[in-house]
Amino acid sequence: MKKFFIITLITFSITTGVLFYTVDALDKTDVIDGKLNTIKDELDSRYIGEIDPLKLEEGIYKGFVAGVGDPYTSYFTPSEFTTFMESTTGIYAGIGVQMMLDKTDNSISIIEVFENSPAQKAGILPKDKIIGADDTKLDGDDFEIVPDLIKGKEGTSVMVTIYRPSEDVEIQFDIIRENVVYPSVDYKMLEEDIGYVEIRSFEELTYTQLVEGIQILENSGAKGLVLDLRNNPGGLLHIVEQIVDEFIPSGIIVSISDGKGGKQDTLATELYNDIPLVVLVNEQSASASEVLSGALKDHGRAKLVGTRTYGKGIVQTILPLIDGSAIKVTTSEYYTSSGVCIQGTGIEPDYVVELPAELMIKPNLTTEEDLQLQKALQVLISEME
């Protein structure tokens, strides 16, 4: 059995992205090592299945970090860290679809096919249901493993089987994976010269996608914007800071406190877009979404419509380790420009609008069904007058 050690962090190199560390033996090394050996002996002699020693080792690290008791502080295996970093860049090798679990029939439904993606080129359509990938039959119970089956190296192929309800047929597609840019920003023109922008998450490309989208909307005649942050779980703090700076002329964007007396303010620059704004939020708008909505509300830049936000006011730092794994650690908490930490409380919108339960579970609402959007349009029109 390997000796059990605690990692003492020393420094993180921003240029190389590698965390260097020394290793100090725990005071209770012998006790812990002995207990782990006892547990391993019992598993070896009694467990009915096969045991993967690497998974046991990774389990030690996961459990050790989980012992902090913070749900946001965790350990990533090398493969998990690769997947995590891929998700923050917004670029991955795959077929280019967004899926959801359809609980009405326990199926995996495609709700979006990305523009110019391999899936679009092959002929896959929204509302198609994925029922197989590479000879593996799939249904809603397999929703978590589908990305692992469909994503892969650029240039490799994957056989995807779909069921198309509109034609009541099953179709197989042999698709060559390509690098796909995840569209974290979606936009469209609505009536009354209003542009609608949905930010799904805050990734490396989100600011660029947002600015491009707003430019297109303004060129199309948009005189006001609805910014939809509903169900946005957050993402990269430096990206949301850029977005806030796009909309406010001066002042504090967000304040970060390390809990030990250290505090850092991020300030807006002078250049900004003064187009009228209304922001949609709900109970699933979290973290970076709350930085954005809180800053715009505090600066009087936008009215908020919807329901109270999630209430995640803490910041995690990713610390890569030299073996390709990493730890994600809660290192600070953030405050809105008015000095409020929303951890555990969330942000109350200016106009509270609840959706009926039957509409909350519906995947795609029409503009008429979306009562929160209807209120946002009403507020924005009055702001534009």
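Begin with the open sheet of six strands, whose order is β12-β13-β14-β17-β18-β21 and whose pairing is mixed. Its edge strands, β12 (185–190) and β21 (351–352), each pair on one side only. Strands here are DSSP runs (E, at least two residues) and helices likewise (H or I, at least four), numbered from the N terminus; two strands pair if DSSP finds at least two bridges between them.

The model is predicted: local features need pLDDT of at least 70, side-chain atom pairs count only at pLDDT 80 or more, and totals for chains, interfaces and linings use all residues. Residues are numbered from 1 along each chain as its sequence is written, and side-chain values use heavy atoms, without hydrogens or water.

Within this sheet, select β14 (residues 224–228) and β17 (residues 277–281), which pair in the parallel sense over four bridges. V226 stands opposite V278 in β17.

Next, select β7 (residues 129–133), where four of five residues are buried (under 20% relative accessible area; exposed is over 50%, partly exposed in between; 1.4 Å probe, protein chains only). Its antiparallel partners are as follows:

- β6 (residues 107–113), over two bridges, with I108 opposite I130.
- β9 (residues 157–164), over four bridges, with V160 as the bridge partner of A133.
- β8 (residues 136–137), over two bridges, with K137 as the bridge partner of G132.

In the hairpin of β7 and β8, two residues lie between the strands, and D134 takes a positive phi near 50°.

Finally, select I39 in helix α1 (residues 29–46). I39 is partly exposed, with a relative accessible area of 43%.
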